[in-house]
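Trainee: I would like to go through the labels given to this model and ask what each one rests on.
Mentor: Go ahead, and we will set each value against its rule.

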Amino acid sequence: MTKKDLILGIDIGGSGVKGALVDLRKGDFASERVRIPTPTPKTPESLLGAVSEIIGAFKWKGIVGCTFPGVVRSQVIETAANMGKDFIGINLAEQIGKACSCEAWIINDADAAGCAEMRYGAGKGNKETVLVLTVGTGIGSALFTGGRLVPNMEFGQLKMRDKKLSKSMPAEKICADSARKKADMTWAIWAGKFNKYLQYVHSLIWPNLIVLGGGLSSKEEKFMHLLNVDCDIVSAKLQNRAGIVGAALEAKKNLM
Ligand code: BGC
């Protein structure tokens, strides 16, 4: 493996910051994964501390690819539904660069996971319209056509009506995995809500394939048979490694 094929990937999530060295020839980890809880309160300063701890744990001196669970445009954080307003307007790549003396590349977490699935996983070689959904604390989405990403497709924020509360709210509040756990839904009840969401998104973009990733993808035997949408739907192959692998992949593409 050449030096260029080994990159540190970091996945920033609402509950954990995770990092691993990634072997980009294989699209897999080349080290153990290091995880530290996302510091609270969630501020740019505390998060930079966590990122710096991960970089330090690997004694890493090269470039770093890093996800963020919100819209990232020109390396600036534009939304941060599950992280807090303090992050909005910050050039996170620049801040990590200064705080950790390294070059960093930031990408939306679902976009990173999607890029990894398209290169190494369930979407490999697919040139049609592919939608990757990551279902965990929120719902992230990444849209590809001809193998190219359309960044920051925030399909988790589409408004849906919650029957019980009789009001509209972001779909992720109704059918993300966190919503299922919070309301202690059976799989059948959750799948009923998620099917409505899938059919709604399907009616807007008509994908050929939907890839389901995020925390939920490790439990596919519980719900895959309950899903009903008019296109192919499969589980992500890289599961919870996808964010880290995709961040490393995109860092190489954009910084080397
Ligand atoms: C954010 C997305 C993110 C998703 C998964 C949503 O709340 O708006 O940008 O991809 O959560 O973390």
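Trainee: Why is the pair of lysine 252 and aspartate 5 called a salt bridge?
Mentor: This is a predicted model, and in it the side chains of lysine 252 and aspartate 5 lie 3.3 Å apart, N to O. The cut-off is 4 Å between a Lys or Arg side-chain nitrogen and a carboxyl oxygen of Asp or Glu, so the pair of lysine 252 and aspartate 5 qualifies.

Trainee: What makes this a link between distant parts of the chain?
Mentor: Lysine 252 sits in helix H8 (residues 242-255), while aspartate 5 belongs to the segment before strand E1 (6-12). The two are 247 residues apart. The structure holds 10 salt bridges.

Trainee: How many salt bridges cross the interface of domain 1 and domain 2?
Mentor: The rule finds 0 there. What the interface does have is 2 residue pairs in polar contact, both at pLDDT 80 or more.

Trainee: Which elements supply the side of domain 1 that touches domain 2?
Mentor: Strand E6 (72-73) and helix H3 (109-120) each give at least two residues to that side. By class, the side of domain 1 has 4 nonpolar, 3 polar and 2 charged residues.

Trainee: How do you know which residues are in domain 1 and which in domain 2?
Mentor: The assignment gives domain 1 as 3-112 + 242-255 and domain 2 as 124-236. Their C-alpha centres are 24 Å apart.

Trainee: What area do domain 1 and domain 2 bury between them?
Mentor: About 800 Å², with 46% of it on carbon and sulfur atoms. On the side of domain 1, Asn82, Ala110 and Asp111 lose the most area, together 59% of what that side buries. In terms of contacts, 9 residues of domain 1 meet 14 residues of domain 2.

Trainee: How do you know that the bond between threonine 40 and proline 41 is cis?
Mentor: Omega is about -5° for that peptide bond. Proline 41 lies in the loop between strand E4 (34-37) and helix H1 (44-57).

Trainee: Why is the phi of serine 74 worth noting?
Mentor: Most residues other than glycine have a negative phi. Serine 74 is not a glycine, yet its phi is positive, about 50°. Serine 74 is in the loop between E6 and strand E7 (76-77).

How values were computed. Residues are numbered from 1 along each chain as its sequence is written. This is a predicted model: local features need pLDDT of at least 70, side-chain atom pairs count only at pLDDT 80 or more; totals for chains, interfaces and linings use all residues. Side-chain values use heavy atoms; hydrogens and water are left out. Domain bounds come from an automatic or database domain assignment. Contact means heavy atoms within 4.5 Å. Buried area is the accessible area (1.4 Å probe) that two parts lose on being put together, summed over both. A polar contact is a pair of N or O atoms within 3.5 Å; within protein, one must be able to donate a hydrogen and the other to accept it, and residues adjacent in sequence count only if both atoms are side-chain atoms. Helices (H or I, at least four residues) and strands (E, at least two) are DSSP runs, numbered from the N terminus. Ala, Val, Leu, Ile, Met, Phe, Trp, Tyr, Cys and Pro count as nonpolar, Asp, Glu, Lys and Arg as charged, and the others, Gly among them, as polar.
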